[in-house]
Every structure is written in C-alpha cells, then in structure tokens.
Amino acid sequence: MDVTYIGSGPYCYANSLAMLLCGEAPPPAVIEVLTGSPYGMELIGGRLPLFDPFGWDPEIGLDAAIGLLGWECERVDGGTAAEALDRLRRAVAAGPVLAGPLEMGLLTFQPGSGKAVGADHYLVVLEVGDDTVLVHDPQGYPYATLPVDAFAEAWRGELVAYLDRPFRMRHRFVRRERVGPEEALRRSLPAGLAWLGGRTDVAVPPGTLGQAEAAERTAELVEAGLDPEIRGLWEAFAVRVGARRLNDLAACLSSLGLDAGAAVAAEQARIVGGLQGPLVAGDDVAVAAGLRRLAPTYERLRAVLSR
C-alpha cells in the first residue's frame, strides 16, 4: 500500500505561494501539481536532466497555479537594485511579497552560503528595514534576516538560467474567482496533457530533450560517467523533488477518481525515488536501469489521461 509522502522537501515556490494565500490556499502538494511540474522529464541542452516537463520552468508554473486557483497578482521586475528595493519597501507596507527566483547560494542566513551557484529559490518577504530584510524562507528558516545589500545580490539571480530580468516579485494578490482544489486540478489536466505530449510553444536551449528521450539519453550519460556537478545536483535536489512531485500527482489524480493515471504516477514516483540510494552509493548501473524503466511511463500516463 502506498502512503502519500509528508515531510521536508524543496517546494519553495509552492510553499511560498501557500503562505501568501494564507487560509485560502490549498495544500502545497496541490499547488505543485497545478504548476505542471510533475508531467515530464527534460534534459536541458543535452546536459542537465531534471524531473519536470520539456520547456517548463517555475515561472511558467507559478503563473499557471495562480490562475487556476482563481487569483491574479502584479508581477514586477527589472531596474537597478536601489529601484527594486524601493519597490519592495512600498509593496511590503501593504502585505507580504513573494520574491524570486533568487540565488539560494547568496542567502547569508543559510549555512554554507557565500557563492552563487545558480540555485534558484523563492521566499516570502515580510519587512524591509534600513539595514535588514525579514523573510519566511520555506527551506526551513522562518523569520530569517539578512542585510539589505546581501538580499539584493541574491535577488538579482544572475546565474538563474530562466530569469531574463532581475528582482522579480509578485504582490497585490486578488481573488477574481472562487475555485476549490478539486476544480482547479480538473482544469489543470489539459495543460498536464500538453506538457506530456511535448509543447512546441516554449523556448528551449538547443539539444534539449523531453520525456522518454530525456530519460534514455540521461541513462547513457550516467553510464558514460555523470558530470560531478550534475551528480551533486541530483543527490541534493533533483531526485527527491522529482519523486515528491510524482507522489503528489498520484494523490491528486486519485482524488479526482482517475485511478489509472494515479497508478502510473505512483509507479513513476517509486522509480524516481528509487534512484536516490543507488545514486549516492555510486551504483550507476542501477541508476541507468531505473531511468530506462521510467522512459515509457510518460507515454503511458498521457494515454490513460487522454481517455
């Protein structure tokens, strides 16, 4: 019997949005599924494998989830650091602000910080003083503070690949329609199918592969010797977030009575989660075999959800 996972995990934008929407928010697991993140796998530029769909990124996902839940907000970015901080000060005077993506490696209250590594992150800004910024960081740091200049440097997000303008934030959340979690999930299914089928309206770096092709090619990269940087990212982040997304997708599909789809998503969650042990142990044969078992499941999921 499968049990839905509850525990820590890198759900930064889903947790941040849930904080912003307060008592009107569905569980972060539902928000994550509404972003579309569980519906696929991609190998970005032929090098970086992630357990999210071909062409997807958190900015696309956040906007989708906000709209599906019946909300709208103001999204602003760009300008100088001074201009951005001035905007942020004015915004938090009216309420909390969802900031991101930021560079996690430059958040000074997190142990081991101090170097930009391209680790994207989202958090909620509560106050901006003359010298410090007060935040709820869903990575596990409520009411954390850091110097204003340090926050601005992290907020710039220079190494976040999908961020085209710095200092992005969302605020002034307004509910335009009351949409419950079940209805939002039903409305999200066409987008999930589009992600599984391979969207052609999204820009991707040359050499990017999706779904089965991404899994098969990643298996080959593992067999050839995985880049140490990629291995570290997979060990610390990619596998566990991928497995959790799929576990949450299975639970959400089950709640809609879509048992066949839920079964496929649960199988995917087991396969992806099962990569963690062999990956850390250096058993690349097992990792590659798991990826090859995963490859055909994306088309199976698309087929059962298309019925």
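Buried here means under 20% relative accessible area, with exposed over 50% and partly exposed in between, using a 1.4 Å probe on protein chains only. This is a predicted model, where local features need pLDDT of at least 70, side-chain atom pairs count only at pLDDT 80 or more, and totals for chains, interfaces and linings use all residues. Residues are numbered from 1 along each chain as its sequence is written, and side-chain values use heavy atoms, with hydrogens and water left out. Helices (H or I, at least four residues) and strands (E, at least two) are DSSP runs, numbered from the N terminus.

**Helix H3 and Glu59**

- Helix H3 covers residues 58-68, and Glu59 sits in it.
- Buried residues of H3 are Pro58, Glu59, Gly61, Leu62, Ala65, Ile66 and Leu68.
- Glu59 counts as buried because its relative accessibility is 4%.
- At the start of H3, Asp57 brings a side-chain oxygen to within 2.9 Å of the backbone nitrogen of Glu59.
- The side chains of Glu59 and Arg168 make a polar contact of 2.9 Å; the term covers a pair of N or O atoms within 3.5 Å, where within protein one must be able to donate a hydrogen and the other to accept it, and residues adjacent in sequence count only if both atoms are side-chain atoms.
- Neighbours within four places in sequence aside, Glu59 is in contact (heavy atoms within 4.5 Å) with Arg75, Gly100, Pro101, Tyr122, Tyr162, Arg168 and Arg170.
- From Glu59 to Val76 it is 17 residues in sequence and 13 Å in space, C-alpha to C-alpha.
- After H3 comes Gly70, with a positive phi near 90°.

**The three-stranded sheet**

- This open sheet runs in the order E2-E1-E9, with antiparallel pairing; strands pair if DSSP finds at least two bridges between them.
- Strand E2 (48-50) and strand E9 (209-210) are the edges, each pairing on one side only.
- Strand E1 (residues 42-44) pairs with E9 over two bridges in the antiparallel sense, and Glu42 stands opposite Gly210 in E9.

**Pockets**

- A pocket is found on a 1 Å grid over the protein atoms alone: an open set of points where a 1.4 Å probe fits, with protein on both sides within 12 Å along at least five of seven lines, and lining residues have an atom within 4 Å of a point.
- The largest pocket has a volume of about 1,200 Å³, the volume being the space filled by probe spheres set on the points, with grid points joined across faces, edges and corners.
- Its lining has 40 residues, with Leu48, Leu50, Gly118, Asp120 and Leu233 nearest the centre.
- H8 gives the largest share of the lining of the largest pocket, nine residues.
- The second largest pocket has a volume of about 270 Å³, and of its 13 lining residues, Tyr5, Ala243, Arg244, Asn247 and Ala269 are the closest to its centre.
- H8 also supplies the largest share of the lining of the second largest pocket, four residues.

**His136**

- His136 is in strand E6 (residues 132-137) and is buried, with a relative accessible area of 18%.
- A polar atom of the His136 side chain lies 3.1 Å from the backbone nitrogen of Tyr143.
- Not counting residues up to four places away in sequence, His136 touches Met19, Leu123, Val124, Leu126, Tyr141, Pro142 and Tyr143.
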